[in-house]
Amino acid sequence: MTEQVETRLLEVGEALVGACVPAYFHPARAADTWRRLLAVPPRLVVLDLGEERESAYAPIVARLVAAGTEVLARVDTDFGLRTATDVRADLRRIRSWYGLRGVFLDQVAAGADRLEHYREIVDGVRGTIVLNPGVYPDQGYAALADILVTFEGPLPAYRAIREPAWARTLARGRFCHLIHGVGERVREATLRKAARLAGTVHLSDGPGWTDLPAYYGRRIVAG
């Protein structure tokens, strides 16, 4: 195993689980956090870039891309209430500012009644498409995305998660799980469970995504 693989991936037995980091901390207000992240670039980083172009993000995007990290722009869909026109306008603006191709559509609806709405949003979009309903949605959403975030939330809720039959027919790499409130004592057990269900995982030891976990940058091996 090369050093790059060791620092970019979590190891569970013989399986390698790609790390996804929701980097919802501003470069100007979290310089030390960004230094830690850039020192160990993960497979995927999600940036919440706001409504105005900020020069502080340009060098960060450039460094991540140079390191081989895929950078995704977070765009809120308000559980299907935002119009496809508005969401696609956000995508065009962010791409023109930072040159990003990947998109992380957040607060995605989960019901079959909104499938056509999301089909309109992603139609013709180039680059990696991640949809984040935060739960297992209607199976039709899997056809619209490269990766589905089928869990986002605290550890107690994760312990009760149940994988639907349709999800078992797809590769683990099609799913991402984002779990917060994961303390050191339960980290390895939580990672082992996540690796059975998803190919991309992030475990936060805090209440959300406003900082990197204390363990970030250290190789995790869960046998």
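**Exercise 1. Which side chain does Asp32 meet in a salt bridge, and what is the N to O distance?**

Before you start: this is a predicted model, in which local features need pLDDT of at least 70, side-chain atom pairs count only at pLDDT 80 or more, and totals for chains, interfaces and linings use all residues. Residues are numbered from 1 along each chain as its sequence is written, and side-chain values use heavy atoms, with hydrogens and water left out.

*Solution.* 
- Step 1. Recall the rule: a salt bridge is a side-chain nitrogen of Lys or Arg within 4 Å of a carboxyl oxygen of Asp or Glu.
- Step 2. Find the partner. Asp32 meets Arg35, at 1.9 Å from N to O.
- Step 3. Helices (H or I, at least four residues) and strands (E, at least two) are DSSP runs, numbered from the N terminus.
- Step 4. Check the surroundings. Asp32 and Arg35 are both exposed. Exposed means over 50% relative accessible area, buried under 20%, and partly exposed in between (1.4 Å probe, protein chains only).
- Step 5. Count by the rule. The total is eight salt bridges.

**Exercise 2. Which parts does the pair Arg74 and Asp48 tie together?**

*Solution.* 
- Step 1. Take the distance. The closest N and O atoms of Arg74 and Asp48 are 3.6 Å apart, and the two form a salt bridge.
- Step 2. Locate both ends. Arg74 sits in strand β4 (residues 70-76), and Asp48 in the loop between β3 (44-47) and α3 (57-66), so the pair links parts 26 residues apart in sequence.
- Step 3. Compare accessibility. Arg74 is buried at 18%. Asp48 is partly exposed at 34%.

**Exercise 3. Is Asp90 buried or exposed?**

*Solution.* 
- Step 1. Read its relative accessible area: 14%, so Asp90 is buried.
- Step 2. Look at its partner. Asp90 forms a salt bridge with Arg82 (2.8 Å, N to O). Arg82 is partly exposed, at 23%.

**Exercise 4. In what sense do β3 and β4 pair, and over how many bridges?**

*Solution.* 
- Step 1. Use the rule: two strands pair if DSSP finds at least two bridges between them.
- Step 2. Apply it. β3 and β4 pair in the parallel sense, over four bridges. Val46 stands opposite Leu72 in β4.
- Step 3. Move on to strand β5 (residues 102-106). It pairs with β4 in the parallel sense over five bridges. Asp76 stands opposite Asp106 in β5.
- Step 4. Check the cover. Five of the seven residues of β4 are buried.
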